[in-house]
Amino acid sequence: MKLYIFIILIGCIFTSILAVYVGTRVFSVSDGVILLSILFSLVFLLIIDAVVAIIVRILPKKWINPFNRIYKVHKWESKLYLRLGIRKWKDLIPESGKALTGFGKREVENIKDNTYLYKFMEETVYAEIMHLVSAFLGFLVVFINLKLWLIVGLPLAIFNLILQIMPVMVQRYNRPKLMLAYRRNEKYAQNR
């Protein structure tokens, strides 16, 4: 949570300073108009996140199958996440699943229960889809104020992209481990 808040604050401060400095000199726009544009853009991004979350939750269950090959995590991808130091920062990403859906993904509660593991993997797919769609739809913020798109919309869209991609990487980093445990449990159950 601290990492997210830090990135959001840095993004807002950077955007505000850039926008006020450039906006008042180049676009002849007042500080107040610029700050209102930033505030409105942030609210717009939150609305996008909420709408996307609602829509993704009503998708057919068959589209959320974690064993579907479109959700497959490749070895090169896992290596990339490790190079990016995911182990150090993954726990700093807020996890709101418990509050929003009643299913928390902060830690695995029952590694031996395949029903639970499958639900956990499904939740990683939901989160991955939501964050990916929100990352790209976030660029719509550029159209909020076309006069200030370069100094308000684009920087906020880029910060939104960063904030959305980080949880996607966490989901994709964790899912192969869950699948491995799931398959081990299946194998153990067959050998009994």
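A pocket is an open set of grid points with protein on both sides within 12 Å along at least five of seven lines, and its lining residues have an atom within 4 Å of a point. Keep that in mind for the opening view of this predicted model.

**View A. The second largest pocket and its lining.** Here 15 residues form the lining, and Val73, Pro176, Lys177, Met179 and Arg183 are those nearest the centre of the pocket. Helix H3 (75-83) and helix H7 (149-191) are the elements that each give two or more residues to this lining. H7 provides the largest share, with six residues. The space inside comes to about 330 Å³.

**View B. Helix H6 from end to end.** H6 covers residues 114-137, which makes 24 residues, and at 1.5 Å a residue it should span 34 Å; its end C-alpha atoms are 34 Å apart, so the two values agree. Look also at the start of H6, where a side-chain oxygen of Asp113 comes to within 3.1 Å of the backbone nitrogen of Thr115.

**View C. Arg57 meets Glu123.** The side chains of these two residues form a salt bridge, at 2.5 Å from N to O. Arg57 belongs to helix H2 (residues 31-57) and Glu123 to helix H6, so the pair ties together parts that are 66 residues apart in sequence.

**View D. Lys61 meets Glu122.** Another salt bridge joins the side chains of Lys61 and Glu122, at 3.2 Å from N to O. Lys61 sits in the loop between H2 and H3 and Glu122 in helix H6, so this pair ties together parts that are 61 residues apart in sequence. Lys61 counts as partly exposed at 48% relative accessibility, while Glu122 counts as buried at 8%.

View E. A salt bridge of 3.1 Å, N to O, brings together the side chains of Glu95 and Lys105. Glu95 is in the loop between helix H4 (86-89) and helix H5 (97-101), and Lys105 is in the loop between H5 and H6, ten residues apart. Glu95 is partly exposed at 23% relative accessible area; Lys105 has 15% relative accessibility and counts as buried, because buried means under 20%. Elsewhere, Glu77, Glu128, Arg172 and Arg175 are linked in a network of salt bridges. The whole structure holds eight salt bridges.

How values were computed: Residues are numbered from 1 along each chain as its sequence is written. This is a predicted model: local features need pLDDT of at least 70, side-chain atom pairs count only at pLDDT 80 or more; totals for chains, interfaces and linings use all residues. Side-chain values use heavy atoms; hydrogens and water are left out. On a 1 Å grid over the protein atoms alone, a cavity is a set of points where a 1.4 Å probe fits but cannot get out, and a pocket is an open set with protein on both sides within 12 Å along at least five of seven lines; lining residues have an atom within 4 Å of a point. Grid points are joined across faces, edges and corners, and a volume is the space filled by probe spheres set on the points. Helices (H or I, at least four residues) and strands (E, at least two) are DSSP runs, numbered from the N terminus. The expected span of a helix is 1.5 Å times one less than its number of residues. A polar contact is a pair of N or O atoms within 3.5 Å; within protein, one must be able to donate a hydrogen and the other to accept it, and residues adjacent in sequence count only if both atoms are side-chain atoms. A salt bridge is a side-chain nitrogen of Lys or Arg within 4 Å of a carboxyl oxygen of Asp or Glu. Buried means under 20% relative accessible area, exposed over 50%, partly exposed in between (1.4 Å probe, protein chains only).
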